[in-house]
Amino acid sequence: MFRIREIYIWNGEQCATPYILMDNTFVYGPNSKGKTALAEMIDYILGSHENLTHDGLDNITHVGALLTNDKTKLWVKRSVKDGLGYFYKRTKRSAYTAITYEAY
């Protein structure tokens, strides 16, 4: 089983600062501040067939995450605009490699 350690959001070619998740991360706040959008992004990163439709996510081109377990680190990235781009990499400095949905 993997844990999500970081979430990444791309707006065009630039990657935003990673959102770092601790062992116990709580997401809370007033209505309309992005809690549901964050949950949708996590679901999408993990392979949901639903497109990202929440308000405020229209400028995002890719979403990604750092997944870890006791032995492995795996960076995954998914295209938002066409929903067809699936990518991974095994080290922080390596380039993303395109893969099929089944492999993703």
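Predicted model: local features only at pLDDT ≥ 70, side-chain atom pairs only at ≥ 80, totals over all residues.
Me: How much space lies in the largest pocket, and which residues are the closest to its centre?

Reply: The space in the largest pocket is about 260 Å³. Its lining comprises 14 residues, and Tyr19, Val27, Gly34, Lys35 and Leu38 are the closest to the centre. Strand E1 (3-11), strand E3 (19-20) and helix H1 (35-45) are the elements that each give two or more residues to this lining. H1 gives the most, with three residues.

Me: Which residues line the second largest pocket, and how do they divide by class?

Reply: About 170 Å³ of space lies in the second largest pocket. The residues lining the second largest pocket are Ile9, Tyr19, Ser32, Gly34, Ala37, Met41, His54, Asp55, Gly56, Leu57 and Ile60. By class, six are nonpolar, four polar and one charged. Asp counts as charged, and Asp55 is one of the lining residues.

Me: Why is Thr61 called buried?

Reply: The term buried requires a relative accessible area under 20%. Thr61 has 17% relative accessibility and therefore counts as buried. Thr61 is found in the loop between H1 and strand E4 (62-68). Beyond its neighbours within four places in sequence, Thr61 is in contact with Trp10, Asn11, Gly12, Arg78, Ser79, Val80 and Lys81.

Me: How do you know where the buried residues of H1 lie around the helix?

Reply: The buried residues of H1 are Ala37, Met41, Tyr44 and Ile45. Viewed down the axis of H1, these residues fall within an arc of 95 degrees, so they line one face of the helix.

Me: What do the buried residues of H1 pack against, and which residue follows H1?

Reply: The buried residues of H1 pack against E1, E4 and strand E5 (73-79). Gly47 follows H1, and its phi is positive, near 115 degrees.

Methods
Residues numbered from 1 in each chain as written. Heavy atoms only, no water. 1 Å grid on protein atoms, 1.4 Å probe; cavity = no way out; pocket = protein on both sides within 12 Å on 5 of 7 lines; lining within 4 Å. Points joined across faces, edges and corners; volume = space filled by probe spheres on them. Helix = DSSP H or I, 4+ residues; strand = E, 2+ residues; numbered from the N terminus. Buried < 20%, exposed > 50% of the residue type's maximum accessible area, 1.4 Å probe, protein only. Contact = heavy atoms within 4.5 Å. Arc of directions from axis to C-beta.
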